[in-house]
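I opened a new model today and kept notes as I went. I began with one residue and then stepped back to the whole chain.

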Amino acid sequence: GEGINTVGMSGTGAESTSVRIWAGATFIDRATAPFRVTAAGDVTATSLTITGGSVGGWVITPTTLYGLSSGTPTVAPNDGIVMTSGATANITIYEDTEQRIRIGNLAAGIYGIRGYATDGTTTIFELSDTQQRIAGWYFTDTVLRNNTTDATSGILIDSANGLIRVGVT
């Protein structure tokens, strides 16, 4: 055996999976160390905090992961995706410099998915805990209507009851 180590380096083993660098809590087998690097360069880290840099073209900051053709998440984001963490975590997709899709936190205490027109502010559709709406129409799993409730809607299509109604009840 290798004995008990907390950190080490080795040239032992001819396979690409041979562990060359290891660290972590006291362990017997370097192949199961919490942090290890193989001869092929594969890295295993059972607990990892990255607060900056990039991975595969995605920029990492302490609160965001993003891939944009230009700009940053806070200054002129252009063509790409921004993922934020924390209490207002969401994913925002940009076309040009306008947001087109937002998933997650939409506003204070409102979570769901929202699609925007090319101006980046006009809501085309929303599925959230406050409304289900598309192209100005409200909907449930069986009803499409032009107002927030069945009773106040002048136009209502009800698939569960085979009903089309024009006029407020």
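I looked up Ser18 first. Ser18 sits in the loop that links strand S1 (5-9) to strand S2 (19-27). The model is a predicted one.

Is Ser18 buried or exposed? I read a relative accessibility of 9% for Ser18. Buried means under 20%, so Ser18 counts as buried.

Next I asked which residues Ser18 is in contact with, leaving aside neighbours within four places in sequence. I noted Thr12 and Gly13, then Val37, Thr38 and Ala39.

Then I turned to the whole protein. How many helices and strands are there? I found 17 strands and zero helices.

I checked the overall dimensions. The radius of gyration is 26 Å, whereas a compact globule of 169 residues would have one near 15 Å. Along the principal axes, the C-alpha atoms fill a box of roughly 85 × 40 × 30 Å.

I looked at contacts between residues at least 6 apart in sequence. Of these, 4% join residues at least 24 apart.

Burial and surface came next. I noted that 26% of the 169 residues are buried, and Ser18 is one of the buried residues. The protein exposes about 10,200 Å². Carbon and sulfur atoms supply 59% of that area.

Last, I looked up the charges. I listed 9 positive and 14 negative charges. Their mean positions lie 3 Å apart.

Key
Residues are numbered from 1 along each chain as its sequence is written. This is a predicted model: local features need pLDDT of at least 70, side-chain atom pairs count only at pLDDT 80 or more; totals for chains, interfaces and linings use all residues. Side-chain values use heavy atoms; hydrogens and water are left out. Helices (H or I, at least four residues) and strands (E, at least two) are DSSP runs, numbered from the N terminus. The radius of gyration is taken over C-alpha atoms; the globule rule is 2.2 Å times the number of residues to the power 0.38. Buried means under 20% relative accessible area, exposed over 50%, partly exposed in between (1.4 Å probe, protein chains only). Contact means heavy atoms within 4.5 Å. Accessible areas come from the Shrake-Rupley method with a 1.4 Å probe; for residues, only the protein chains shown count as cover. Lys and Arg count as positive and Asp and Glu as negative; His and the chain ends are not counted. The place of a charge is taken as NZ of Lys, CZ of Arg, CG of Asp or CD of Glu.
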